[in-house]
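Please read its points beside the sequence and the model.

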Amino acid sequence: MTKKIGIIQGSLRKNSFNKKIAETIAELLPEGYEAKFIEIGDLPLYNEEYDDGTLETPASYTRFRNDLEESDAFIFVTPEYNRAMPATIKNAIDVGSRPYTDVKWTGKKVAVASSSLAMTAGLRANYEVKTSLSFLGANVLAQPEVILSVIHDSFDENVQMVDETKAFLKDFVEKFVGFVE
């Protein structure tokens, strides 16, 4: 039976390095695993009134929550903005955590990859995503950590990922698959 891996990436930029990392991770998944990129850019900021009946629940919330429900595990790929996870990721985590009686993250296997142009490599964002998801009952992969610094150096002049970074991500994917199994 094919395992569905939801990939959630936090940069909305069309040609972001994080998108390229997420695409590489998806390509590296072995047979029996299927990547599904889960859209988060169209989610309105979480408002409890969408869930208590005061306001109509946005169609994007329903689609997103269904995508979460259909996924066996998740890989988050996040940049770091101002020493924190981006609002897109935080909002997605929040939308998936409500209503409290139906938290979509509980019991799911999750891994987090982060990157940054800076030497900090998205360390804070990585930590914050893991912390939020752990609180919500997700089983978060602790090792190996994917924290890629000076991310632009992981790509050649044609914006193709260099072999060293790809090999590192291949090892990460293999360990993630073992974790999911």
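1. Helices (H or I, at least four residues) and strands (E, at least two) are DSSP runs, numbered from the N terminus. With these terms, Pro-99 is placed in the loop between helix 3 and strand 4. The peptide bond that leads from Arg-98 to Pro-99 is cis, its omega being near -10 degrees.

2. The model is a predicted one, in which local features need pLDDT of at least 70 and side-chain atom pairs count only at pLDDT 80 or more, while totals for chains, interfaces and linings use all residues. Residues are numbered from 1 along each chain as its sequence is written, and side-chain values use heavy atoms, with hydrogens and water left out.

3. The protein contains 5 helices and 6 strands, in the order β-α-β-α-β-α-β-α-β-β-α from the N terminus. Its radius of gyration is 16 Å, close to the 16 Å that the globule rule gives for 181 residues, so the protein is as compact as a globular protein of that length. The radius is taken over C-alpha atoms, and the rule is 2.2 Å times the number of residues to the power 0.38.

4. Of the 181 residues, 48% are buried (under 20% relative accessible area; exposed is over 50%, partly exposed in between; 1.4 Å probe, protein chains only). In helix 4, the buried residues are Ala-125, Asn-126, Glu-128, Val-129, Lys-130, Ser-132 and Leu-133. Their cover includes strand 3 (73-78), helix 3 (87-96), strand 4 (109-115), strand 5 (139-140) and strand 6. Gly-137, which follows helix 4, has a positive phi near 95 degrees.

5. Gln-143 and Pro-144 are joined by a cis peptide bond with omega about 0 degrees, and Pro-144 lies in the loop between strand 5 and strand 6. Most residues other than glycine have a negative phi, and most peptide bonds are trans.

6. Positive phi values also call for checking. Arg-83, in the loop between strand 3 and helix 3, has a phi near 65 degrees and is exposed, at 53% relative accessible area. Val-159, with a positive phi of about 55 degrees, is partly exposed at 37% relative accessibility.

7. The loop between strand 6 and helix 5 holds Val-159. Ser-154 lies in the loop between strand 6 (146-148) and helix 5 (163-180), and counts as buried at 8% relative accessibility. Leaving aside residues up to four places away in sequence, Ser-154 touches Gln-160, Met-161, Val-162 and Thr-165, a contact being heavy atoms within 4.5 Å.
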